[in-house]
Amino acid sequence: MTATRFLLLGPPGAGKGTQAALLIEKMAVPQISTGDMLREAVAAGTEIGQIAKTCMDRGELVSDEIVIGVARERLAKDDASKGFILDGFPRTVAQAAALDEMLSELGQKLELCVAIAVEEEPLVQRLLKRAEIEGRADDNEETIRNRMRVYRDQTEPLLDYYRGKGILAEVEGSGTVEDVAERIGKVLE
Ligand code: AMP
């Protein structure tokens, strides 16, 4: 059986968003990206957007309270009732625990954490290139290195969290987008 409730974990630039976008073409479930939702809130100038912007521009994490609220609201929507691909959430152990709780309230359970493993330096180069193309505010080298540090300190512990639950699947993130997509397809089966 193919997993329909899972998350993509990996350092910034590992290709979570790209892989999630490929997956939703084949699966009838939504991609849920807290990064995209926060950028929308910033663009719309909402209160959440205004608070989030400072953290995002620095490459810091937005507070658990805000992000958990955003994710909770999104996961409760109808289109997520049959499954979802989480992209960029959770990013802290507190968020992961909150996710378990909110899914349990919805009568659901996370099936798999797909962790994309990539070396740091090629990622920094990839992010610098992407920043040039997309013109993101969190795009200079200092911010990018900070995002890597934040990933290592706050998000990497999630590997152990999900390993402990027996739902961690590690996927090698090198090679082409298609190579990685194929590896992810295999672990979802
Ligand atoms: P992303 O597009 O997923 O790389 O997210 C861009 C930025 O949004 C991150 O650098 C954080 O500042 C913020 N963000 C997105 N998702 C989260 C999250 N789950 N927890 C905290 N901050 C987040």
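Helix α1 (residues 16-26) has four buried residues named here: Lys16, Gln19, Ala20 and Leu23. Buried means under 20% relative accessible area, exposed means over 50%, and partly exposed lies in between, with a 1.4 Å probe and protein chains only. Helices (H or I, at least four residues) and strands (E, at least two) are DSSP runs, numbered from the N terminus. Contact means heavy atoms within 4.5 Å.

This is a predicted model: local features need pLDDT of at least 70, side-chain atom pairs count only at pLDDT 80 or more, and totals for chains, interfaces and linings use all residues. Residues are numbered from 1 along each chain as its sequence is written, and side-chain values use heavy atoms, with hydrogens and water left out.

Now the sheet. It is open and has five strands, in the order β2-β3-β1-β4-β5, with parallel pairing. Two strands pair if DSSP finds at least two bridges between them. The edge strands, β2 (31-33) and β5 (168-172), each pair on one side only. From one strand to the next, the twist averages 25°. Strands of a sheet pair through backbone hydrogen bonds, either parallel or antiparallel.

Take β1 next. Five of its five residues are buried. Arg5, Leu7 and Leu9 point one way from the strand, Phe6 and Leu8 point the other way, and all are buried. In a regular strand the side chains alternate between the two faces of the sheet. On one pairing, β1 and β3 run parallel over four bridges. Leu8 has Asp87 as its bridge partner in β3. On another, β1 and β4 also pair in the parallel sense, over four bridges. Here Phe6 is partnered by Leu112 in β4, and Leu7 by Cys113.

Strand β4 (residues 112-117) carries the sheet on to β5, with five bridges joining the two parallel strands. Ala115 has Glu170 as its bridge partner in β5. Ile116 has Val171. β4 is mostly covered, with five of its six residues buried.

Return to the end of α1. Val29 lies in the loop between α1 and β2. Its relative accessible area is 8%, so Val29 is buried. Leaving aside neighbours within four places in sequence, Val29 is in contact with Thr4, Ile24, Lys82, Gly83, Phe84 and Ile85. Glu119 is another matter. Val29 and Glu119 are 90 residues apart in sequence and 30 Å apart in space, C-alpha to C-alpha.

Arg74 belongs to helix α4 (residues 64-75). With a relative accessible area of 15%, Arg74 counts as buried. Not counting residues up to four places away in sequence, Arg74 touches Pro30, Ile32, Met37, Asp79 and Ala80.

The loop between β3 and α5 holds Pro90. A cis peptide bond joins Phe89 and Pro90, with omega about -5°. Most residues other than glycine have a negative phi, and most peptide bonds are trans.

Helix α5 (residues 93-105) and helix α8 (residues 157-164) pack at an angle of about 35°, with their axes 9 Å apart. Axes are lines fitted to C-alpha atoms, for helices over the stretch in contact, and angles run from 0 to 180 degrees between N-to-C directions. From α5, Val93, Ala96, Ala97, Leu99 and Asp100 meet Pro157, Leu158, Tyr161 and Tyr162 in α8. By class, this contact has eight nonpolar, no polar and one charged residues. Ala, Val, Leu, Ile, Met, Phe, Trp, Tyr, Cys and Pro count as nonpolar, Asp, Glu, Lys and Arg as charged, and the others, Gly among them, as polar.

The structure holds one aromatic pair. The rings of Tyr161 and Tyr162 have their centres 5.0 Å apart and their planes at 85°, so the pair is edge-to-face. Rings of Phe, Tyr and Trp (its six-membered ring) pair if their centres lie within 6.5 Å; planes under 30 degrees apart count as stacked, over 60 as edge-to-face and the rest as tilted. Tyr162 is buried, because its relative accessible area is 0%.
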